Each structure stands twice: as structure tokens, then as C-alpha cells.
Amino acid sequence: MSAPKPAKKKPGDAVAFETQLAELEALVERLEQGDIPLADAVAAYEAGLKTAQACEKLLADAQQRLQQLSANDNTDTTETSA
């Protein structure tokens, strides 16, 4: 059995965080079972690293957006109370 291949994506297509997290969890579960050939385990590990990095980027982007929204909200509140 070969390692699951990530879905083909067109450049610029965003994959939802939840989808990527589910893919990562499936890869981890498969690796933890320990019954896959070494080459497949290495491929799954590599795919997991890439997916984890993508998840981290999505989280960082979301955090930055929330900080910007919060800063905008604070600015609006300050302007109306002045």
C-alpha cells in the first residue's frame, strides 16, 4: 500500500485548515500503526511535514488577521470616545 497522495491543487487554491488538519491526523495515525513499508513511511512523514507547515501558516495568517481586526476595533473605539 502506498502513502496517500495529497489532492492536486491549482496554484492559489486555498485548502481549509480543517481539511489539512484532518489529512495530518490521518498521516500521523498511519505512521503510528507502524505496519507500512519504510519508503511509504518516509513519504507519509514528508507529506506530514508539508501539511503541518501549511497548517502553521494558516494559523499565523489567521492570528495576524485577528490582531489587525482587534487593532482596527481599538482605533474605532478610541476615535468615537475622543
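Which exposed residues does the face of helix 1 turned away from its buried side carry? The residues on that face are Glu 18, Glu 29, Glu 32 and Gln 33, where exposed denotes a relative accessible area over 50%, buried under 20%, and partly exposed in between (1.4 Å probe, protein chains only).

The structure is a predicted model, in which local features need pLDDT of at least 70 and side-chain atom pairs count only at pLDDT 80 or more, while totals for chains, interfaces and linings use all residues. Residues are numbered from 1 along each chain as its sequence is written, and side-chain values use heavy atoms, with hydrogens and water left out.

The protein contains two helices and zero strands; these elements are DSSP runs numbered from the N terminus (helices H or I, at least four residues; strands E, at least two). Of its 82 residues, 17% are buried. Among contacts (heavy atoms within 4.5 Å) between residues at least 6 apart in sequence, 71% join residues at least 24 apart.

Helix 1 spans residues 17–33. Its 17 residues reach 24 Å from the first C-alpha to the last, close to the 24 Å expected at 1.5 Å a residue, the expected span being 1.5 Å times one less than the number of residues. Gln 20, Leu 24, Leu 27 and Arg 30 are buried in helix 1. Viewed down the helix axis, the buried residues fall within an arc of 125° and therefore line one face; the arc is that of the directions from the axis to the C-beta atoms. Gln 20 has a relative accessibility of 8%. Leaving aside residues up to four places away in sequence, Gln 20 touches Val 15, Thr 51, Ala 54, Cys 55 and Leu 58. Just after helix 1, Gly 34 adopts a positive phi of about 70°.

Two salt bridges were counted, each defined as a side-chain nitrogen of Lys or Arg within 4 Å of a carboxyl oxygen of Asp or Glu. One joins Glu 46 and Lys 50, with an N to O distance of 3.8 Å. These residues are four apart in helix 2 (residues 38–81), so about one helical turn separates them. Glu 46 is partly exposed at 44%, whereas Lys 50 is exposed at 53%. Lys 57 forms a salt bridge with Asp 61, the closest N and O atoms lying 2.9 Å apart. Lys 57 and Asp 61 are also four residues apart in helix 2. Lys 57 is exposed, with a relative accessible area of 52%, and Asp 61 is partly exposed, with 34%.
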